[in-house]
Structures are given as C-alpha cells and as structure tokens.
Amino acid sequence: MEPVYTPVLWTARSLFAFQGLKFNTAGQENIPRTGGGVVALNHFGYMDFALSGRIYLDVDRIVRFMAKKEVFDNKVAGPLMRGMKHIPVDRSAGADAYRAAVDALKAGELVGVFPEATISRSFELKEFKTGAVRMAQEAGVPVLPTVMWGAHRMWTKDHPKRLGRTRLPITLVVGPAIHVAPTDDPVERTAELKAVMKQMLDKAKAEYEPLTGDDLVFLPKALGGTAPSLEEAEKFDADERARRAERKAAKAAAKAAAKENGSK
C-alpha cells in the first residue's frame, strides 16, 4: 500500500476496464516475488509506460520506471511521477539517473527500462542501448525481458489517439530472467537480450488477432503491414531530431536576444 502509487493503480485499472482492454498475459512465473530486477521492455507507443506494469501486478510487484525528465516537469504528471518514485532521466546528463536506478535495484525494487530509448515507428525492435544490462550487472540483479504488443494501436507516433472504449487486446509476456555475471561483456549480453525479446515479440505478433484494413498501419512492413521499415523509421527519427534541435536553438537565440535587449 503506497500513498500515491496505489490510488493511481486503482484509477488506471478502472480506466482500462472502461476502455474494455483485454489483457492476454503469460510468464508471471518468471517474475521474482522479492528482490530487485531490471524490467526491459519494447517501446512502440505512448501508453507503454502506463500499461506494461499490469502483468507485474498479478504477483503484487510494482515497477519504478525510468522516464524522461520532461514528464516530471509537467505540473500534473510531475507530482504523480515523483510520488510513485519513478526515476527522471535527463538525456544530457544521464549519470544521476543511472545511479538512482542502481540504488533502487540494490534496495530490492523492480526498475523499468526501455532499451530502445525512443518509440519505434516501425514496430520492430530498434538498436538496444546497454544501460539495462549494465545496471543489472552492477546491482547484481536479473534482467526480466518483457514484451508488449497491441498497446501501440491506442496511441503512438504519427497516428491519432484511440483512448475510448476500444476493446483492444493487449499481449504482455515476461520471459525467463537473464543473469549477468560481473565479468560478462555488456555489449554481448545486450545483443542476447534483444534476440530473446525479438523471439518473444515475434511469437506475440503471430498469436495476436490479424490486423487488416486501416489497422495495417500498426503492422510491420515485413509482416505485410504499412508501417515504415526500420530504415525508413530511422530517417523519420533523424528528421525529428533535427527539427527539435532547430527549435531548441531558435528558443535559445530568442532568449539571448531578449536578455540583450533588456540590458540596454
């Protein structure tokens, strides 16, 4: 029972029930009942953060997620995120977040990480960063490979939200724990983690209801859908980063100009 997390969980469960979401879960036996662990999850949509912890609640475990600092800066979401003890990540200075995550793991918490760092527009796994494996290695805890499929149909990049009574099926699966020895190469073990999660995700896609018509936009091109390929998605991501950098530079220039004019 936590003063912030518990009420938020009950509210979320009520919202999921209102939406008619149908959770198909498997692998609860792979979740440790006590002790720390890194929950490594694929990242295909904006609702991943809210929905992915659902399977861990089946065994009374909650997940502290690492999330970008901008979410914590929000006047509404920020206090909730801090109250639930999630971990803010400043991408320009990630050492503090890494340290906080390792400390939480050593204290017996489950810490949620998206190894891809950003949403995959292709709905295929992007390249994984090594942070999840390195944190598990330093804290002496397992990595828990977790995949979700279907939630991206609710809300993802380049597509409108679908947050009403959608009755969407959502698959959540936790695979066997991956233990990382102190002498293991994080790059090699990260490649292993990605391979395991790809296999799990391929199975989840194969067993999911067939997507047709307008929903083909949510299916990878390799499976006959109309989502961009990994290469096309990377081009979109690069363009988005360039636009973001331009906006940031323009804002900084305007701020500097305003300051200069104010000093005259």
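**Close-up views of a predicted model**

Glycine 140, which follows helix H7, has a positive phi near 70 degrees. The structure shown in these views is a predicted model.

**View 1. Helix H7 is mostly covered by the rest of the protein.** H7 spans residues 131–139, and seven of its nine residues are buried. These buried residues are Gly131, Ala132, Val133, Met135, Ala136, Gln137 and Ala139. Which elements do the buried residues of H7 pack against? Four are strands: S2 (37–41), S3 (63–68), S5 (110–113) and S6 (143–149). The others are helix H6 (95–106) and helix H8 (186–207).

**View 2. Helices H7 and H8 meet in a right-handed crossing.** Two packed helices are described by the distance between their axes and by the angle those axes make. For H7 and H8, the axes come within 9 Å and cross at roughly 115 degrees. On the H7 side, the contact is made by Val133, Arg134 and Gln137. H8 contributes Pro186, Arg189, Thr190 and Leu193. Sorted by class, the residues of this contact are three nonpolar, two polar and two charged.

**View 3. Histidine 43 sits in the loop between strand S2 and helix H2 (48–51).** Is histidine 43 buried or exposed? Its relative accessibility is 12%, so histidine 43 counts as buried, the cut-off for buried being under 20%. Leaving aside residues up to four places away in sequence, histidine 43 touches Asp48 as well as Phe114, Glu116, Ala117, Thr118, Ile119 and Ser120.

**View 4. Leucine 168 is a buried residue in the loop between strands S6 and S7 (169–174).** Leucine 168 counts as buried because its relative accessibility is 3%. Beyond residues up to four places away in sequence, leucine 168 touches Gly20, Leu21 and Lys22, together with Gly150, Arg153, Met154 and Arg162. One of these, arginine 153, is 15 residues from leucine 168 in sequence. In space, the C-alpha atoms of leucine 168 and arginine 153 are 8.0 Å apart.

**View 5. Lysine 85 has a positive phi although it is not a glycine.** The phi value of lysine 85 is about 65 degrees. Lysine 85 is found in the loop between helix H5 (77–83) and strand S4 (87–89). With a relative accessible area of 52%, lysine 85 is exposed, since exposed means over 50%.

**View 6. Phenylalanine 123 also has a positive phi, in a residue other than glycine.** Its phi is near 60 degrees. The loop that holds phenylalanine 123 lies between strand S5 and helix H7. How accessible is phenylalanine 123, and what does it count as? At 1% relative accessibility, phenylalanine 123 counts as buried.

View 7. Along the principal axes, its C-alpha atoms fill a box of roughly 70 × 50 × 40 Å. Of the 264 residues, 45% count as buried. Among contacts between residues at least 6 apart in sequence, 75% join residues at least 24 apart. The protein exposes about 13,900 Å², and carbon and sulfur atoms supply 58% of that area.

Terms used: Residues are numbered from 1 along each chain as its sequence is written. This is a predicted model: local features need pLDDT of at least 70, side-chain atom pairs count only at pLDDT 80 or more; totals for chains, interfaces and linings use all residues. Side-chain values use heavy atoms; hydrogens and water are left out. Buried means under 20% relative accessible area, exposed over 50%, partly exposed in between (1.4 Å probe, protein chains only). Helices (H or I, at least four residues) and strands (E, at least two) are DSSP runs, numbered from the N terminus. Contact means heavy atoms within 4.5 Å. Axes are lines fitted to C-alpha atoms, for helices over the stretch in contact, and angles run from 0 to 180 degrees between N-to-C directions. A crossing is left-handed if the near helix is turned anticlockwise from the far one by less than a right angle, and right-handed if clockwise. Ala, Val, Leu, Ile, Met, Phe, Trp, Tyr, Cys and Pro count as nonpolar, Asp, Glu, Lys and Arg as charged, and the others, Gly among them, as polar. Accessible areas come from the Shrake-Rupley method with a 1.4 Å probe; for residues, only the protein chains shown count as cover.
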